[in-house]
Amino acid sequence: GTDSGFTFSSPNYATIPQRTVTQITSSSPSHPANSFFYPRLKHLPPIAKVTFTKLKGKKTFLPIADQDLTTAGNEIDDSGSETPLDCEVSLWSSWGLCRGSCGNGGTKTRTRYIHFKPSTSGTPCPSLEEETKCDPDNCV
């Protein structure tokens, strides 16, 4: 289009030369500053529904102050199903120190944390801690 900003508050920089207007999707433009950037979603959920009704006859103009904006035609459509979002966790940390007594063996652990909790029947989070056997360091 005509504007190069990613967000609603971006400075109004003109795109020169102008480009073709493209559809905004959950991953395009592919930039975290994009107001609708949700790369884990296949499709953006609907956020609004606008209905235009052509009136026959004479043209009339009603100032906004005279209109009742809370009446019929302003309802929210909740019939659409929500997209399930799976749990997303970080990479494993480095293994911790081996804890235990010399000769008896020990254990060490590593952890990870949750980036995104699951929602709408998404895949649950895997274990966040892992433990393995080890030989304690500095045994003489």
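Over how many bridges do β2 and strand β3 pair in the antiparallel sense? To find out, select residues 105–111, which make up β3, together with β2: the two pair over 3 bridges. Strands here are DSSP runs (E, at least two residues) numbered from the N terminus, and two of them pair if DSSP finds at least two bridges between them.

A word on the model before going on. This is a predicted model, in which local features need pLDDT of at least 70, side-chain atom pairs count only at pLDDT 80 or more, and totals for chains, interfaces and linings use all residues. Residues are numbered from 1 along each chain as its sequence is written, and side-chain values use heavy atoms, with hydrogens and water left out.

Next, click on Ser101, which stands opposite Gly105 in β3. β2 and β3 form a hairpin with 3 residues between them. In that turn, pick Gly103, whose phi is positive at about 90 degrees.

β3 and β5 pair in the antiparallel sense over 6 bridges, and Thr109 has Glu131 in β5 as its bridge partner.

Finally, show the whole open sheet: 3 strands in the order β2-β3-β5, with antiparallel pairing. Its edge strands, β2 (99–101) and β5 (129–134), each pair on one side only.

Terms used. Helices (H or I, at least four residues) and strands (E, at least two) are DSSP runs, numbered from the N terminus.
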